[in-house]
Amino acid sequence: IGNGTLIAQPSPTATSGLADVASIATGDRFSLAVLRNGEVWTWGYNGYGQLGDGTTSNRRTPVRVPDLTDCIQIAGAGAHSAALRQDGSVWSWGRGYDGELGDGSNSPRSFVPVRVKSLTNVGMVVAGMQHSSALSPAIAGTVNLQDILIRNLATATFKVRNASTNHEFGPWEVRVGLAGEFIFPAPPPGTYHVTAWGKTFLSDTVGPVDLTNGHTGLAFDLVNGDANGDNRIDIADFVELRRRMAGSDPGSADFNRDGSVNVADFLILRKNFGRSGT
């Protein structure tokens, strides 16, 4: 459970010391979490090094997996773990007797992450009891989040619409890297319109583009200032901005992610007044 005890809990209990979690995964008596800043934290049983902290010590509270950054997805099963990084590479650690680490060896175990060989441009990773799998190809590219200097403070959401059938896949919410890079799983083969948006950002759509073999060059430019999430920047956003200025919670009006609603956010909103998303 990660709350510092070994006591069974009959109702939901908060895990100690974790905040801003993007997603979680579990294995056999251990758990993992990836934060929105790309760090991976683990806790629980560690007999095979599946916590990735360089030891075999069990952990009652979360510990950070060292030297593993820019992660966007994690998986755990049996006694091993895996992580997908922003660059499309896969890293694994823990039990390796049956080759489940994918590093080209049958090493009994690895206490720290090792890179899985021969995998690039991966979109998703999953783990089984004594094996792991990766979904490829992936959709990757860059997104410009206007007026945010530190990209990894934000996430972007993507969905795709088939150009022939109008069938939609997604949405996928993913962390945006320091240079605006993103990656998400490819849909079934076909030609699609791809739409991106984010908290306080108008949507942007590109396409039609053939995603049959994945794609690595998509680019989006997201305009900032949508305080109320209606995909328009109008007088209602000024009303929401003023309401947030008077309160203690910046909410969706903190356009530049500096932790408060102030004149800088007003200037961003004024610059983009009257714009609509796609």
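**Reading a predicted model, step by step**

Q: Which residues does Ser203 touch, not counting residues up to four places away in sequence?
A: Leaving out residues up to four places away in sequence, Ser203 touches Thr195, Ala196, Trp197, Leu222, Asn231, Gly277 and Thr278. Keep in mind that this is a predicted model.

Q: Is Ser203 buried or exposed?
A: Buried means under 20% relative accessible area. Ser203 has 11% relative accessibility, so it counts as buried. Its place is in strand β16 (residues 201-210), and a polar atom of its side chain lies 2.6 Å from the backbone oxygen of Thr278.

Q: How do I read a helix, and which residues of α2 are buried?
A: Here is the general idea: an α-helix has 3.6 residues a turn, so residues three or four places apart point the same way. In helix α2 (residues 263-271), the buried residues are Asp265, Ile268 and Leu269. They sit on the same side of α2 because they cover an arc of only 95 degrees around the axis. These buried residues pack against α1 (235-246), while the face turned away from the buried side carries the exposed residues Val263 and Arg270.

Q: What caps the N-terminal end of α2?
A: That is Asn262, with a side-chain oxygen 3.1 Å from the backbone nitrogen of Ala264.

Q: How many aromatic pairs does the structure hold?
A: A pair of aromatic rings is described by the distance of the centres and the angle of the planes. The structure holds 10 aromatic pairs. One of them joins Tyr48 and Tyr97 edge-to-face, 6.4 Å centre to centre with 85 degrees between the planes. Tyr48 lies in the loop between β3 and β4 and Tyr97 in the loop between β7 and β8, so the pair ties together parts 49 residues apart in sequence.

Terms used:
Residues are numbered from 1 along each chain as its sequence is written. This is a predicted model: local features need pLDDT of at least 70, side-chain atom pairs count only at pLDDT 80 or more; totals for chains, interfaces and linings use all residues. Side-chain values use heavy atoms; hydrogens and water are left out. Buried means under 20% relative accessible area, exposed over 50%, partly exposed in between (1.4 Å probe, protein chains only). Helices (H or I, at least four residues) and strands (E, at least two) are DSSP runs, numbered from the N terminus. The arc is that of the directions from the helix axis to the C-beta atoms. Contact means heavy atoms within 4.5 Å. A polar contact is a pair of N or O atoms within 3.5 Å; within protein, one must be able to donate a hydrogen and the other to accept it, and residues adjacent in sequence count only if both atoms are side-chain atoms. Rings of Phe, Tyr and Trp (its six-membered ring) pair if their centres lie within 6.5 Å; planes under 30 degrees apart count as stacked, over 60 as edge-to-face and the rest as tilted.
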